[in-house]
Amino acid sequence: MSGARITGWGIALPDKVVTNEDLSARLDTSDAWITERTGIKERRIGGTTSGLAVEAGRAALARAGVRPEDVDAVILATTTPEGIVPGTSAAVQEGLGIGGGAFDLNAACSGFVYGLVTAHGLIATGARRILLVGSETLSKITDWDDRTLAVLVGDGAGAVVLEATDGPSELLGWHLGADGSLRHLLYCEHGGYLAMNGKEIFRHAVRAVIESSLVALQRAGLTPDDVDLFVPHQANARIIVAAAERLGIAPERYVVTIDRYGNTSSASIPLALADALETGRLREGSTVLLSGFGGGMTWASAVLRW
Ligand code: ACO
């Protein structure tokens with residue numbers, strides 16, 4: 001059995017920046033409300049799920065020095081596929097020239113962490129290189145007259161390349177959770193718009209992130225004190241702060257990018273990871289805790305030794 005490590009990463013963001021002021025000009029909301037209740041200042045809007053995924057995937061492959069034809073599978077974590085069949089990963093496979101398989105994975109905003117655990121499993125059973133992409137165009141399933149959701153969402157993509165290694169696995173512990181009895185809290189029917197009970201999601205999200213993080217850490221033989229960097233799903237800055245405080249993780253040990261990108265669902269964790277790498281906050285040897293939650297409800301955590 002081989003271990004696996006992330007050897008490359010890349011992101012893609014639409015050029016169009018939509019600020020809180022832009023939204024306040026057409027909706028009954030304000031920069032003060034959005035900033036105080038969510039931590040969001042602006043978001044990027046535009047592009048397509050496959051187009052953003054190809055751009056982020058290409059950057060990740062280049063950074064890893066991996067040729068697309070040598071990739072055993074591309075996993076596309078997305079809540080915003082371009083159709084029902086085929087999977088949007090088919091367009092990503094073609095766009096990049098991936099040599100192996102392609103499949104979509106929908107675990108809502110937990111999708112990237114679900115994909116990370118899946119990628120490690122594929123490598124443990126013989127794959128050498130996996131491309132994992134979280135890509136979303138939530139703007140396309142948002143009713144722009146619904147101020148509750150319009151202020152939250154953003155578009156973007158983040159990708160990582162995982163490669164088999166003879167050394168120890170980077171993944172020290174993980175946890176996946178779901179409670180389908182809560183699926184009415186956040187949903188989007190075919191051809192419809194996102195609908196959400198924000199208050200209930202908030203309450204479950206804080207609990208889920210804490211419990212799931214603690215299980216993943218325990219499986220790794222670690223505690224929150226051992227975490228050098230906490231990279232949570234970016235849905236609301238207040239959720240991040242509440243979970244981090246209760247885990248005893250101080251602000252200098254967690255990443256917040258929601259101010260710039262809004263909630264980009266399964267793209268939010270790889271975007272935050274890339275931010276931490278590019279700003280030098282994530283270094284060789286760091287212990288990293290990733291934790292996400294989303295529609296389903298689903299939740300997922302992973303502990304990595306970088
Ligand atoms: N601008 C101004 N006022 C608003 C807005 C807005 N955009 N949205 C709601 N309000 C009003 C409400 O109508 C309410 O007014 P009232 O008191 O007169 O009834 C007041 O603000 C308070 O509303 P609440 O819903 O109680 O506000 P809350 O503090 O709960 O914040 C929020 C709402 C930001 C949605 C929060 O509940 C949240 O972030 N929940 C979690 C969302 C989440 O994580 N979703 C999962 C992912 S979303 C996705 O996947 C795309």
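1. Helices here are DSSP runs of H or I with at least four residues, strands are runs of E with at least two, and both are numbered from the N terminus.

2. Basis of the model. The structure is a predicted model, in which local features need pLDDT of at least 70 and side-chain atom pairs count only at pLDDT 80 or more, while totals for chains, interfaces and linings use all residues. Residues are numbered from 1 along each chain as its sequence is written, and side-chain values use heavy atoms, with hydrogens and water left out.

3. Composition of the ligand shell.

4. Polar atoms facing the ligand. An N or O atom in the side chain of Thr-29 is 2.6 Å from a nitrogen atom of the ligand. For Arg-37, an N or O atom of the side chain is 2.7 Å from an oxygen atom of the ligand. Gly-198 takes part through its backbone, a polar atom of which is 2.9 Å from a ligand nitrogen. On its own the ligand has 1,000 Å² of accessible area, and the protein covers 75% of it. Accessible areas come from the Shrake-Rupley method with a 1.4 Å probe; for residues, only the protein chains shown count as cover.

5. Domains. The protein chain is divided into domain 1 (3-165) and domain 2 (171-305), with bounds from an automatic or database domain assignment. Their centres, taken over C-alpha atoms, are separated by 15 Å. At the interface, 48 residues of domain 1 are in contact with 46 residues of domain 2, where contact means heavy atoms within 4.5 Å.

6. Ser-301. This residue lies in strand S13 (residues 298-305) and is buried, with a relative accessible area of 0%. Buried means under 20% relative accessible area, exposed over 50%, and partly exposed in between (1.4 Å probe, protein chains only). The side chain of Ser-301 makes a polar contact with that of Ser-212 at 2.7 Å. A polar contact is a pair of N or O atoms within 3.5 Å; within protein, one must be able to donate a hydrogen and the other to accept it, and residues adjacent in sequence count only if both atoms are side-chain atoms. Beyond residues up to four places away in sequence, Ser-301 touches a set that includes Val-113, Trp-174, His-175, Val-209 and Leu-289.

7. Asn-20. Helix H1 (residues 20-24) contains Asn-20, which is buried at a relative accessible area of 0%. A polar atom of the Asn-20 side chain lies 2.7 Å from the backbone oxygen of Ile-40. With neighbours within four places in sequence left aside, the contacts of Asn-20 are Asp-31, Ile-34, Thr-35, Ile-40, Lys-41, Glu-42 and Arg-43.

8. Ala-150. Helix H6 (residues 147-150) holds Ala-150, and this residue counts as buried at 0% relative accessibility. Among the residues that Ala-150 touches, not counting those up to four places away in sequence, are Leu-23, Leu-27 and Arg-43. Ala-150 and Gly-262 are 112 residues apart in sequence, and their C-alpha atoms are 10 Å apart in space.

9. Cis peptide bonds. The bond from Val-85 to Pro-86 is cis, with omega near 0°; Pro-86 is in the loop between strand S4 (73-77) and helix H4 (89-96). The bond from Gly-296 to Met-297 is also cis, with omega near -15°, and Met-297 lies in the loop between strand S12 (287-294) and S13.

10. Positive phi angles. Ala-108, although not a glycine, has a positive phi of about 50°. Ala-108 sits in the loop between strand S5 (101-105) and helix H5 (111-124) and counts as buried at 11% relative accessibility. Ser-265 is not a glycine either, and has a positive phi of about 50°. The loop between helix H9 (258-261) and helix H10 (268-278) contains Ser-265, which is buried with a relative accessible area of 2%.
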